Amino acid sequence: MIWISVCLVLVLVPEEVKCTNNGCNKTMMYEGIIPPGYQKVEPPVSKDGQFNVFISIQLYDVYGLNEETMDFFLHLYIFHVWEDSRLMLDCLTLKRPVKLPDYLIDQIWKPDIYFENSKAGSLFTTTFPNTNLKILQDSSVFLTARYLQHVSCPMYLRYYPMDVQSCQLRTGLYSFPDDVVQLRWTGESRGRYDWIPGVKIVGDVELPEYRLVKLETTTEVTAWSTGNYSSLVVRFIFARHLTAYLVNTYIPSSLVVVMSWLTFWLDIHAVPARITLGVTSLLTLVTQVVQSRSTIPPVGYVNALDIWLFVCLNIVFATLIEYAIAYTIRLKTKPNKIGINPMAVKYFGNFDKQKNPGKNDQNIITNLTKTSPTQAWTNPKTGHANQITDKQSTRNVSKVDLFSRIIFPVCFASFMIVYWIYYMYDY
């Protein structure tokens with residue numbers, strides 16, 4: 001009869017409960033997990049002298065990366081796996097992971113995980129505290145928790161907007177140095193927990209201004225006065241989208257520079273047109289410089305966009321200097337205010353006095369002014385035709401403008417080639 005009763009119990013008891021000589025039953029199997037004298041403040045003792053806690057992180061969302069505040073947000077699940085040989089698991093049949101009651105979470109030892117570079121964070125409690133404690137098939141303790149973390153991310157903006165930012169999430173133990181408890185990634189478990197990825201992204205990560213290039217996991221050790229502490233580091237590599245900056249800044253500024261070169265094809269006497277075109281281009285670029293500086297924090301160094309706008313600004317300013325030089329050359333070679341060749345007055349005056357002594361020279365000048373400036377006059381001594389306009393002055397101004405039409409585009413094109421090769425090399 002006794003053996004029949006035992007067989008009936010084995011058939012009727014669920015798989016999670018295993019009857020032993022210790023008197024296990026369904027109502028007492030969870031209460032008997034924690035033995036008398038269990039110290040939850042002390043980590044389990046490992047047989048080989050090294051106690052490891054394996055960590056896995058699953059990222060549900062990455063968002064809010066901001067260069068002004070230099071931070072970003074993470075919605076993540078963190079998994080902890082470790083062995084605790086002090087727990088009494090004989091009453092559990094571990095054919096699959098067994099979920100333990102929530103009240104046991106506060107009664108057993110847990111690794112005091114914290115995020116070293118987090119500005120703020122919270123455990124999800126909607127609609128209940130998002131934690132879960134299980135016992136795996138190999139008697140390991142498996143604890144999961146869901147967090148929202150506001151993480152600091154110092155950025156290096158010297159290559160802005162062709163910058164690639166490296167942000168980190170650092171996870172460590174608050175109380176235990178490496179000689180007591182050591183943190184490790186699940187992918188480094190050498191076969192035991194390789195089925196759990198160290199870092200995994202659940203779904204797609206879409207950022208408005210950046211793209212997530214890759215994830216890297218490393219382990220770093222920091223020496224403190226109380227010992228060496230391991231930190232598990234997840235490194236996020238972000239690259240900035242460049243299309244918006246090409247459309248809004250680089251292409252418009254290039255067109256403004258090219259537009260300022262139109263002054264080289266305008267007449268030297270068109271002072272209002274050439275000055276207005278140059279000043280308008282200059283003010284447009286100054287506005288772009290102010291707008292570009294308002295979107296990034298006030299760093300103490302110049303970035304790639306500053307260099308581009310600075311060069312464009314100086315090229316437009318150089319077009320105004322070029323016109324000032326060309327106009328100065330024109331003034332220095334101008335014969336007189338009324339545009340009459342003084343040699344014509346000399347020869348015509350002497351010739352007229354020989355024929356009509358006593359005639360007023362002012363009448364000669366008056367007659368000459370009635371002649372078109374481009375009309376030729378004849379030298380009475382040599383008989384050769386000469387132009388009243390200043391041909392030497394026109395030739396000098398044409399050389400300055402012709403030289404500028406070539407040298408300005410060549411210099412700007414050379415700058416663009418060097419600029420884009422240098423900043424796009426590691427982008």
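Colleague: Where is the place of Ser139?
Modeller: A word on the ground rules: this is a predicted model, where local features need pLDDT of at least 70, side-chain atom pairs count only at pLDDT 80 or more, and totals for chains, interfaces and linings use all residues. Residues are numbered from 1 along each chain as its sequence is written, and side-chain values use heavy atoms, with hydrogens and water left out. Helices (H or I, at least four residues) and strands (E, at least two) are DSSP runs, numbered from the N terminus. On that numbering, Ser139 is in the loop between E6 and E7.

Colleague: What relative accessible area does Ser139 have?
Modeller: Ser139 is not a glycine, yet has a positive phi of about 70 degrees. Buried means under 20% relative accessible area, exposed over 50%, and partly exposed in between, with a 1.4 Å probe and protein chains only. Ser139 is partly exposed because its relative accessible area is 32%.

Colleague: Which loop holds Met70, with its positive phi of about 55 degrees?
Modeller: Met70 is not a glycine either. With a relative accessible area of 22%, Met70 is partly exposed. It lies in the loop between strand E1 (52–66) and strand E2 (71–83).

Colleague: How many disulfides does the count come to?
Modeller: A disulfide is taken as a pair of cysteine sulfur atoms within 2.5 Å. Cys153 and Cys167 qualify, with sulfur atoms 1.8 Å apart. By this rule the count is one.

Colleague: What is the handedness of the link of Cys153 and Cys167?
Modeller: Cys153 is in the loop between strand E7 (140–152) and strand E8 (164–173), and Cys167 is in strand E8, 14 residues apart. Both cysteines are buried. The angle about their S-S bond is -65 degrees, making the link left-handed.

Colleague: How are H2 and H3 oriented to each other?
Modeller: Axes are lines fitted to C-alpha atoms, for helices over the stretch in contact, and angles run from 0 to 180 degrees between N-to-C directions. Angles under 35 degrees count as roughly parallel, over 145 as roughly antiparallel, 65 to 115 as roughly perpendicular and the rest as oblique. Helix H2 (residues 243–260) and helix H3 (residues 271–293) pack at about 165 degrees, their axes 9 Å apart. The two helices are therefore roughly antiparallel.

Colleague: How many charged residues are in the contact of H2 with H3?
Modeller: H2 residues including Thr249, Pro252 and Val256 meet H3 residues including Leu277, Ser281 and Leu285. Ala, Val, Leu, Ile, Met, Phe, Trp, Tyr, Cys and Pro count as nonpolar, Asp, Glu, Lys and Arg as charged, and the others, Gly among them, as polar. The contact of H2 with H3 has six nonpolar residues, seven polar ones and, as for charged residues, none.

Note on methods. Contact = heavy atoms within 4.5 Å.
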